[in-house]
Each structure stands twice: as structure tokens, then as C-alpha cells.
Amino acid sequence: MTRTYSPKVSEIVRNWVIIDATDVVLGRLASHAAIILRGKNKPTFSPHLDGGDFVIIINAEKVALTGSKAAQKIAYRHSGYPGGLSSMNYTQLLETNPTRAVEKAIRGMLPKNSIGRAQLTKLKVYTGSEHPHAAQQPVPYTFDQVAQ
């Protein structure tokens, strides 16, 4: 009789993955990044453990949105005070703060609990092609299908 293997926290090995977001559709980028952050691409995936890898996303300002989503899709945020709801469309959001647009898309695909918040801390998003994580020797991630 074989037993189901469940990894211990001390046995989890975390690697670093770098994703170039140039001309990649935002939803496709977010879903691939969320899978890597959760660790669902590993054979030792366990939903109650944070076993995913670190993800570095570069060129966040060059991410693509299909159709008319750039003008019609609205990003909301709330200050926490009454009447503190502010909104802007993704054209404005990508001009002012493109890292927030990518982080918001990935955050929506992670679990809404303490494990999801811990997995989100392993996400590093940068606007340019430079990042300060060269010492971790990140492995480039390639998409199977990038064409829109």
C-alpha cells in the first residue's frame, strides 16, 4: 500500500523564475505567474503549504490588453475611509503605475487567505528590464503561446 507524500516545510525548495512581460496578454501572464507562485507546476504541490517559487516580472509597462479592455476595464481601490473609493481605467493605470496593474491581476488569481498573502510576497514586479535579483540566478520562463 503506497502512502500519499506530503512535503514538510523544511523540504521545500524554492527557485527563482524571471518572466519578460513584453507583448504578453495580462491575463495569460497572471495565470502563469499564479501557478508558479502557488507551486502547482511541481509534483509536490500541496494546497495547505506555500511551496511555490519566486517570480520576477520585468517590462511590466509593455504588457498587452486584448480588445477594448484598456479603455473599458476599471481598476478600483479603496482608502478605507467612507467615500474613499477611487477608480481608473487600465489605460491610465498602465501609464501611472504599471506594476500595480500586474500585481492586481495576479492577486486575483491567488487564494484569499494567509497562504495567498504569503505567496504574493514572493512576487517582484519591475517596470524596466533591470532588477536587483541577479544574485539569485533566476531562470527565464518561456510561454508556449504568446501570440494574441
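This briefing walks through a predicted model of one protein chain, from its overall layout to individual residues. Residues are numbered from 1 along each chain as its sequence is written, and side-chain values use heavy atoms, with hydrogens and water left out. Because the model is predicted, local features need pLDDT of at least 70 and side-chain atom pairs count only at pLDDT 80 or more, while totals for chains, interfaces and linings use all residues.

**Overall layout**

- The protein chain has five helices and six strands; helices (H or I, at least four residues) and strands (E, at least two) are DSSP runs, numbered from the N terminus.
- Along the sequence these elements follow the pattern β-α-β-α-β-β-α-α-α-β-β.
- Taken along the principal axes, the C-alpha atoms fill a box of roughly 55 × 40 × 30 Å.
- Of the 148 residues in the chain, 37% are buried; buried means under 20% relative accessible area, exposed means over 50%, and partly exposed lies in between (1.4 Å probe, protein chains only).
- The chain exposes about 9100 Å², and carbon and sulfur atoms supply 53% of that area. Accessible areas come from the Shrake-Rupley method with a 1.4 Å probe, and for residues only the protein chains shown count as cover.
- Among contacts with a separation of 6 or more, 68% are between residues 24 or more positions apart; contact means heavy atoms within 4.5 Å.

**Strands β1 and β2**

- Strand β1 (residues 16–20) pairs with β2 in the parallel sense over five bridges; two strands pair if DSSP finds at least two bridges between them.
- V17 has V55 as its bridge partner in β2.
- Four of the five residues of β2 are buried, so this strand is largely enclosed by the rest of the structure.
- I18 sits in strand β1 and is buried, with a relative accessible area of 15%.
- Not counting residues up to four places away in sequence, I18 touches I56, I58, H131, P138, V139, P140 and Y141.
- I18 and E95 are 77 residues apart along the chain, and their C-alpha atoms are separated by 23 Å.

**Helix α4**

- In helix α4 (residues 98–107), the buried residues are P98, T99, A101, V102, A105 and I106.
- Seen down the axis of α4, these buried residues fall within an arc of 160°, so they line one face of the helix. The arc is that of the directions from the helix axis to the C-beta atoms.

**Buried loop residues**

- H133 lies in the loop between β5 and β6 and is buried, at a relative accessible area of 12%.
- With neighbours within four places in sequence left aside, H133 is in contact with W16, I56, K124, Y126 and P138.
- K42 belongs to the loop between α1 and β2 and is also buried, with a relative accessible area of 19%.
- Beyond its neighbours within four places in sequence, K42 contacts V13, R14, G51, G52 and D53.

**Positive phi angles**

- Most residues other than glycine have a negative phi, which makes the next two residues worth a look.
- N59 has a positive phi, near 55°. N59 is in the loop between β2 (54–58) and α2 (69–72), and at 7% relative accessibility N59 counts as buried.
- Q137 also has a positive phi, near 50°. Q137 is in the loop between β5 (123–125) and β6 (139–140), and at 64% relative accessibility Q137 counts as exposed.

**At the surface**

- I74, Y76 and L85 make a nonpolar surface patch of about 310 Å². Patches are made of residues with over 30% relative accessible area and no salt bridge, with like charges joined within 9 Å and nonpolar side chains (Val, Leu, Ile, Met, Phe, Trp, Tyr) within 5 Å. A salt bridge is a side-chain nitrogen of Lys or Arg within 4 Å of a carboxyl oxygen of Asp or Glu.
- I74 is in strand β3 (residues 74–78) and is partly exposed, with a relative accessible area of 36%.
- P82 is in the loop between β3 and β4 (85–89), and at 82% relative accessibility P82 counts as exposed.
- P82 and P47 are 35 residues apart in sequence and 36 Å apart in space, C-alpha to C-alpha.
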